[in-house]
Amino acid sequence: MSVQSAAADVDVDLRHLFASLARNWLRILVVTLAVNGLAFALAWFAAPHYKAETKLLIETRESVFTRPDGANDNDKPILDEEGVASEVEVIASTGILKQVALKLHLSRLPEFDETVNMSALGRLLVIAGLKSDPNEIPPEERVLKKMREKLNVYSVEKSRVIVIEFSSEDPRLAADIPNAIADAYIALQGNAKLESNSAATDWLAPEIADLSKRVKDAEAKVASYRAQSDLLMGGNNSVLATQQLSELSSELSRVRANRASAEATADSVRKALQNGGSLDAVPEVLSSELIQRLRERQVELKTNIADLSTTLLGNHPRIRALKSQLADLDGQIRSEAQKIMKGLLTQAQTAQARENQLMADVNTLKAASARAGEQQVELDALQREATAQRQLLETYLTRYREASSRKDRNYLPVDARVFSPAVAPSEPYFPKIGPIVGAAFVGSLLLMAIVTLLQELFSGRAMRPATGARFGQIEQVAMPATRQEPALAEIKEADDHAALDRTADAELSAAVAEEVAEDATAEDAEPVRSTLGEVDIEKAAEKLIETGAARAIFVSPEGDEAAASAVLVAREVSDAGLRVLLLDLTASGAASRPMLDSGLFPGITNLLASEAQFSDVIHPDLYSDCHVIPVGTADPVRAMRAADRLPIIMQSLTTAYDLVVVECGPADAQGISRLVGEATEVFLSVLEPDDEVAQAAVTLIEGGYPDLILVTPIGHESPGTPVPGRRTAA
C-alpha cells in the first residue's frame, strides 16, 4: 500500500491521546517539581541586581531677559525625533562613559573588571583555554564593555524626555552612575557652548577691525565722488540740474498753452471781422472797456431811434442823424476789434519767442541732467556699499558685545536639565523568585505534556482505523473453475512461454467461442452466467488499494456499455478515502456523462487543444468525492494533434491524485501505451464473456500486459450509475 493510502486509512484517537496525560501524571508531576526546585535554587542563590534611572528633558533654557536682540521664541531650536535620537547617542558615547568610569573608579570594582579578584576557577579555565584571557583586553575597554551591557539609554516616545537606565549589583552604584552620566552630558553641552561662544568672539574681533576700515574707505569714496562730480542737491533730495529741468518743463508747458490760446482767439476775431459776424461771441472783444462804452452808446441810439419812430417818419432829419451816429459806432467797434486782434497776434508771437528760448534751455538742461543721472547712479552704488558695510559692522559689534558679556560672566545655559535624578533602589529587579518559579512550572508542565503526547502519537497507540478503511489482506484473485479457466491458463502460459506457436492462440480463440456458444444454448435450461474469471467492482478496488497503484487503465472492447466498470471502481476507491480522478477518453463520453449529467463541460480535448487549463477541465462527481475530466467540447481532430502531451498530463495528474482511472473504450495495446507508467494496473471491462472479449484479452496479453485483470460491473449498485445489462448504455 502507498504512503498516501496508509495515511488516509488511519485517524488519531483524540480520547486515547489525551488520556495518556492522566496515565502519566506522576511522571509529569515529578519532572515539573524537579524543574521548579531547580529554578527556585537558581533564583535564590543568584546575585541580586538593582536598577535606577535618571530622566533628562531637552528644552531651551534661555531666559527672556538674556535672549539676544532680535531673537524670539520661534528662533529657538526645535528637536524632532531624529534630534532626540542624536542626543541619546551622545549620552551613550564613549567619551562620557570614560569620564564617568574615571570619576567613580569603576576599574577597581570586580563587577566591571573581572581581572580584579579573579577566582581560582576562572584562572584555571583561562589556563586550560576554555575561557578567553581578559588581560588581553585593555582595562578601559573591559570597563566600557561592562558599562554598555548594564546601560540602557532611550527616549520616551512622542516626547523630548531621555531616560538613562543602569543596573548594578550595588544599589548605590546603580543610582550614582546614571546621575554621573547626566552631569557629564550637561557639562559636555556647556563646554560645547563655551567653545562655540569663544570661537565666535575670536572670529568677530578681527572681522570687526577689518570691517571698520572698509566702512571708512567706502564713506571716503562717497564724499570724494560727490565733490568731483559737482552734484548739487536741490529740494526733495534731488540733483539741481534735474530740479531745474523739471521747472523749465513746467514753464514751457504754460507758455505753449498761452500761445495757443492767443492764436486761437485772434483767429476767431479775424473770422468774425472777415465774415461780418457778431463780435459779441468773442470774450476778448467784450472785455474791452472802449467797446463796452461803444456798445452802450449804440444801445442808447437804437433806443432813441425806436422812440422817435413812433412819431416821426424814417426820412426825418433827426432820425437820419441818429442812424448816421449808429453807423459810426459800428465802424468804431470793428476798428477796435481789429486792434484787439493785432494785440493777440503780437502776444502769440511773444509767446512763440519765449517758447523757443525755453526749448533751448530745456535741451541744455537735458544733457546736464543725463550726466547728473549717470553720476547719481554711481554715487548711489557707493552709498549703498557704504551703508551695507556700516550695517554689517553694527551687527557684528552687537553680536561681539553679547558674546563677550556671556563669556566674561560665564552665562551659557544648556538646553537640557535633569528633572528626575536617580535614587538608590531598595528592592532588586532581578531575580524575581515568584515569576521565575511560576514560569518554570508552566513551561515544564507544558513541555512534559507535549513530550507525552508525542510519545503516544509516535508509538501508534493513539491511532485507529479510519471510517470505511479496509486493512485486511486481499487474497489472490483466482479464476473460477469453469470451462473457460483452462483457456485463460493456456493464454497466460502462452504469454509466459514465448516459444508457443501463434496457431495455438487461434485454436484457443475458437475453443473459447465454441464454449460461449454452448453456454448460450444452455441458457434457457440453466440461468447461470458463464465467466472468464473476471472480478467484481469491490475486488478490483481492493486490488488497487492493496497494491498502491497510481494508474488504472480500463479497456472496454464491448463499447460504451462496459464503461460503467471504470466509474464504479473510481467511486469505490474514492469512498475508501483516496483522492481519485477519472479521465474519460471514450469518443462518446460514456464514462463521464453519468457522473456530470451533461456532456457540455470542457475536458481533455480542450486541454490538449490549449483552450483550457487543469482547473477548468476538472469537475466533481455528483454522487461521490471523485473528480472527473470529461471528453470536452473542442475539435477532436485538433486535440489529437497534441496526443504526445498525454504522458505529461498523466504524470501531472498522478502527482496530484492518489489514483488516476482512465476509461479508454475499445482500445488496443498500442493505443494505451501513452497512458501506462509506473504502478499501473490494466483492466478489461466485461459484460458478457464472448469471443470478442476473449480476443481483446489475447491481444492485450500479447501486447505486453500479462497481468491483465478482467472486471465486471454486473451485480454492483451505485447511485447515479445504472447497472448495465446486456448491451445497455452505462
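Analyst: A residue is called buried under 20% relative accessible area, exposed over 50%, and partly exposed in between. The model discussed here is predicted.

User: What makes Ala85 buried, partly exposed or exposed?
Analyst: Ala85 has a relative accessible area of 38%. Ala85 belongs to helix α4.

User: Which residues of α4 are buried?
Analyst: In α4, residues 81–91, the buried residues are Gly83, Val84, Glu87, Val88 and Ile91.

User: Why are the buried residues of α4 said to line one face of the helix?
Analyst: Viewed down the axis of α4, they fall within an arc of 150°, so they line one face. The face turned away from this buried side carries Glu82 and Glu89, which are exposed.

User: What do the buried residues of α4 pack against?
Analyst: They pack against β2 (50–58), α5 (94–104), β3 (151–155), β4 (161–168) and α8 (171–229).

User: How far apart are Ala85 and Ser155 in sequence and in space?
Analyst: The two residues are 70 residues apart in sequence, while their C-alpha atoms are 7.1 Å apart in space.

User: How do you know that β3 and β4 are paired?
Analyst: Pairing requires at least two bridges between two strands. β3 and β4 have five, in the antiparallel sense, so they count as paired by that cut-off. Across from β4, Tyr154 stands opposite Val163 and Ser155 stands opposite Ile162. The two strands form a hairpin with five residues between them, and Lys158 in the turn has a positive phi of about 60°.

User: In what order do the strands of this open sheet lie, and which are called edge strands?
Analyst: Four strands make up the sheet in the order β3-β4-β2-β5, with antiparallel pairing. β3 and β5 (416–420) are the edge strands, each pairing on one side only. From one strand to the next the twist averages 25°. Helix α8 lies across β2, β3, β4 and β5, and runs at about 20° to β2.

User: Why do β9 and β13 count as edges of the other open sheet?
Analyst: That sheet has seven strands in the order β9-β10-β8-β11-β7-β12-β13, and its pairing is mixed. β9 (619–620) and β13 (709–711) each have a single partner strand, so one side of each is left without a neighbour in the sheet.

User: How do you know that β12 and β13 pair?
Analyst: Three bridges join them, and they run parallel. The cut-off is at least two bridges, so they qualify as a pair. Leu684 stands opposite Leu710 in β13.

User: What does α22 lie across?
Analyst: α22 lies across β7, β8, β10 (627–629) and β11, running at about 140° to β11.

User: What makes Ser685 buried or exposed?
Analyst: Ser685 has a relative accessibility of 0%. Buried means under 20%, so Ser685 counts as buried. This residue is found in strand β12. Beyond four places in sequence, Ser685 touches Phe554, Val555, Ser556, Pro557, Glu558, Ala562, Ser565 and Val711.

User: What makes a set of residues a nonpolar core, and how many residues has the largest?
Analyst: The members must be buried, drawn from Ala, Val, Leu, Ile, Met, Phe, Trp, Tyr and Cys, and joined through side-chain atoms within 4.5 Å. The largest such core has 34 residues, and Ile604, Val662, Ile672, Leu684 and Leu708 have the most contacts inside it. At least two core residues come from each of β7 (551–555), β8 (580–584), α19 (604–608), α22 (646–656), β11 (659–663), β12 (680–685) and α23 (691–702). The largest share, five residues, is supplied by α23. A second, separate core has 31 residues, among them Ala566, Met595, Leu596 and Val711.

User: Which residues is Leu708 in contact with?
Analyst: Setting aside neighbours within four places in sequence, Leu708 is in contact with Val682, Phe683, Leu684, Ala697, Leu700 and Ile701.

User: Where does pLDDT stay under 50?
Analyst: One such stretch is residues 468–530, with 60 contacts beyond four places in sequence. Another is residues 722–730, with 26. The protein chain averages a pLDDT of 77, and 78% of the residues score at least 70.

Technical notes:
Residues are numbered from 1 along each chain as its sequence is written. This is a predicted model: local features need pLDDT of at least 70, side-chain atom pairs count only at pLDDT 80 or more; totals for chains, interfaces and linings use all residues. Side-chain values use heavy atoms; hydrogens and water are left out. Buried means under 20% relative accessible area, exposed over 50%, partly exposed in between (1.4 Å probe, protein chains only). The arc is that of the directions from the helix axis to the C-beta atoms. Contact means heavy atoms within 4.5 Å. Axes are lines fitted to C-alpha atoms, for helices over the stretch in contact, and angles run from 0 to 180 degrees between N-to-C directions. pLDDT is the predictor's confidence in each residue, from 0 to 100.
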